[in-house]
Amino acid sequence: MTTLDDSRINKPRADLAAEPIGVMKAGSSMTKPVAIIGGILWLLVASPTVVESDAYRYATALLSLIALYYYMKAPIRPRTDWIGWLCMGWAFYVMARFFITFWLTPQHDIGASDWLYAFPFFFPIMGVAFLLYEELMEKIVAAYFAMVLIMLVATQHLREVFAGETIRPLIMNNQIHGAVACGMIVIFTLFWLLHYLTDKSSDRRIARFACIASPFIFALCFIAIYGAKSKGVWLALGITLPLLALITLTYLRLKSGVIIIIAVGALLIAGIYGVRHNLDKTAGPTVSAALSMVENVANGHEMGGVVSNAISSSNTPVSMDERLQLWSNSWEVFSSAPIFGWGNRWLERWAETRYSHVQYTLLHNGYLEILVRYGLFGAAIMGFMLATFIRAVWRARKAGIIPRAAWHAYIACLFFFSLTLLSNSNNRLAIGESLAFASSAFACWCHMRLKGEYLAVGNVERKEAVARA
């Protein structure tokens, strides 16, 4: 990332977005059909939070092609710097290692979804796509929340939830994925609403829509999260909600903020108390088994023995027992190649683990998914990439390029999602991949805007654009 001097960082947003005389942004030269198609594609990129499908992959590919077309055509365009080369370099490393292993192993090992880790190749060009559609993003975001509200209403299971049944929120492959999606939607909706409550210069029509739609989205999401009965999401949200409350206080006047948070908190506590027996039935055995393991470790017992005893114990719930087996196998595989991991040969090594009979190869822990395949080296590279993206978004907020609500939504969602990875491999799912594409595109866009870069067309193309309009 190119370092800006302090005077450049402190310039107002208008200065950072300034355009040379005689040129116009490429986004302004787009025809209306291309603008509409691009908006729909961005909605499809975010669609795994409401419908679990592979549509986001095709949308990402098409957005990348559109962005590449305008990028190659533009006489003034962002330069690929070390962040872009890092993303593409990692992707080349993943693919080269994959094909070398595939070629050299007699059984042609392909692992399980290993090639997905090459997706960072698209992060820089998706940043350009964000740059291309930046002027439409406020409307695209509003359309996203309209889509969310419609889907939540259309797929609500109020009768089943209040009857104590387990439901699958939205249109997802299982209830855990739906619960994670609803948790992310709660975070996005909170800061979307706070932005329009506090930024009076924003579009008032969208602001009114945010004020009307947000309460319904909150209510339906919390009901769906309860009905999904995902203990991992309950825990992640239980840790995240107090942080969201503290951040919310910084947006509102102290007195009114405290009143609102107390009121919302009282409603949540009353709701939890009302369904306490169902909560205890769902999470009680898991909590008891987990506390027993913690107590045994605190008493000096070796971790491996504690895990083995928990797996063999009849008091351990089935879902927890299976996860412990998966995590034990994963640690065994990682420990045998801790630096660079096993690449797409990891399933070959998996067959030799103690609990290889367990029926899943989804490891139910996003961090172990990385360590098993790429070891500490891969985890360090991907962690550095993420830290770089977070820093770019934070600096964009400090420079006034993005509103603070965008920064808070970004970092709070990543925090919540990172907690859900402790009990499920959400980074291997559609919801995780689409989050990676969208959040990385946003971060790359922030990085380009910090450097004052954009896509621009020349005078000739400007005349053509005016004529088309």
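These legends go with close-up views of the cavities and nonpolar cores in a predicted model. In this predicted model, local features need pLDDT of at least 70 and side-chain atom pairs count only at pLDDT 80 or more, while totals for chains, interfaces and linings use all residues. Numbering runs from 1 along each chain as its sequence is written, and side-chain values use heavy atoms, with hydrogens and water left out.

**View 1. The largest cavity has a volume of about 90 Å³.** A search of the whole structure turns up 3 cavities of 30 Å³ or more. A cavity here is a set of points, on a 1 Å grid over the protein atoms alone, where a 1.4 Å probe fits but cannot get out; volume is the space filled by probe spheres set on the points, which are joined across faces, edges and corners.

**View 2. Who lines the largest cavity?** Helix α10 (204-228) gives the most, with 3 residues. By class, the lining has 9 nonpolar, 3 polar and no charged residues.

**View 3. The largest nonpolar core has 115 residues.** Such a core is a set of buried (under 20% relative accessible area, 1.4 Å probe, protein chains only) Ala, Val, Leu, Ile, Met, Phe, Trp, Tyr and Cys residues joined through side-chain atoms within 4.5 Å. W42, L170, F191, I217, F389 and I402 have the most contacts inside it. Helix α9 (residues 175-198) gives the most to this core, with 14 residues.

**View 4. F191 and its neighbours.** Leaving out residues up to four places away in sequence, F191 touches (heavy atoms within 4.5 Å) L244, I247, Y251, A405, H408, A409 and A412.

Notes:
On a 1 Å grid over the protein atoms alone, a cavity is a set of points where a 1.4 Å probe fits but cannot get out, and a pocket is an open set with protein on both sides within 12 Å along at least five of seven lines; lining residues have an atom within 4 Å of a point. Helices (H or I, at least four residues) and strands (E, at least two) are DSSP runs, numbered from the N terminus. Ala, Val, Leu, Ile, Met, Phe, Trp, Tyr, Cys and Pro count as nonpolar, Asp, Glu, Lys and Arg as charged, and the others, Gly among them, as polar. Buried means under 20% relative accessible area, exposed over 50%, partly exposed in between (1.4 Å probe, protein chains only).
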